[in-house]
Amino acid sequence: MNENEFRERFGVKAEPNYIPQDDEVGMFLAAFRSNIPMILKGPTGCGKTRFVQYMAYRLKVPLVTVSCHEDLTAADLVGRFLFKDNQTVWQPGPLTLAVRYGGLCYLDEIVEARKDTTVIIHSLTDDRRILYLDKTGEVIRAHPDFMMILSYNPGYQSIVKDLKQSTKQRFASLIFPHPCLEVETEILASETGLSREESARLAEMGSKIRELKGFGLDEGVGTRLLVYVGRLVKAGLSPLDACRCCISQTLTDEEEIMESINNIVNLYYGD
């Protein structure tokens, strides 16, 4: 894959619908211009991935996204040799392409990746900004537009699944909480087509459900799920059914907690 093919494949063509919550856009731009890698922390469905897409579009650089998991290997990121047309050829991985041609490399839920996999990013996240390909012996100096971005949900963090301090201290960090009521109302209205009044009611209900976190609920309802509710309502489903489908039956399998969520839903949408 050459540079033009890379930019065509990984470029963000349309502007994502992202509504800033604070000064995260300015902070990210400053970090990008200063060659400082970034960690994004926040609960599920709070807008971390959408934010990265928005910044890639705004900066007019490609975006390579890798969803991390426990079977992710270093070869999945940097590349491997493949047998093709009776010969062995080098197939570069997503990280290698981003380093060589420039762009945002976004490793989503990085704490799910194996420890030996995350070590390979160390040389890219300090003043060296290089990637060493041990299988080819090549050393690639990062393109000026390359930026490494990691994300994870601190709510699911444990001693077993945590970044080492030697990794954390190579990054600047942005924390993404759930949006405030005013911002979330604006997000819901723009994403679902509901009226502002309906969107405000949905946002208030979501905020109330989040108060159950720590009282039987592991994670509060994310904005993404509230958007799903709004879209189902817009499609003709009743709010009660949409909330049951997208929220109470999604967040928990415990009947008592499900009932508690449904009770909150009834406060806002019951007869």
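Colleague: How far apart are the end C-alpha atoms of helix 3, residues 48–59?

Modeller: This is a predicted model, in which local features need pLDDT of at least 70, side-chain atom pairs count only at pLDDT 80 or more, and totals for chains, interfaces and linings use all residues. Residues are numbered from 1 along each chain as its sequence is written, and side-chain values use heavy atoms, with hydrogens and water left out. Helices (H or I, at least four residues) and strands (E, at least two) are DSSP runs numbered from the N terminus, and the expected span of a helix is 1.5 Å times one less than its number of residues. Helix 3 has 12 residues and should therefore span 16 Å, which agrees with the distance between its end C-alpha atoms, 17 Å.

Colleague: Which residues of helix 3 are buried, and which strands do they pack against?

Modeller: Taking buried as under 20% relative accessible area with a 1.4 Å probe, protein chains only, the set consists of Lys48, Phe51, Val52, Tyr54, Met55, Ala56 and Leu59. With contact meaning heavy atoms within 4.5 Å, these residues pack against helix 2 (24–33) and, among strands, against strand 1 (38–41), strand 2 (63–67), strand 5 (103–108), strand 8 (146–152) and strand 9 (172–175).

Colleague: Which residue just after helix 3 takes a positive phi?

Modeller: The phi in question is about 60 degrees. The residue that takes this value, just after helix 3, is Lys60.

Colleague: What percentage of the residues in the chain is buried?

Modeller: The chain holds 12 helices and nine strands, and its C-alpha atoms fill a box of roughly 70 × 40 × 35 Å along the principal axes. Of its 271 residues, the buried share is 45%.

Terms used. Buried means under 20% relative accessible area, exposed over 50%, partly exposed in between (1.4 Å probe, protein chains only).
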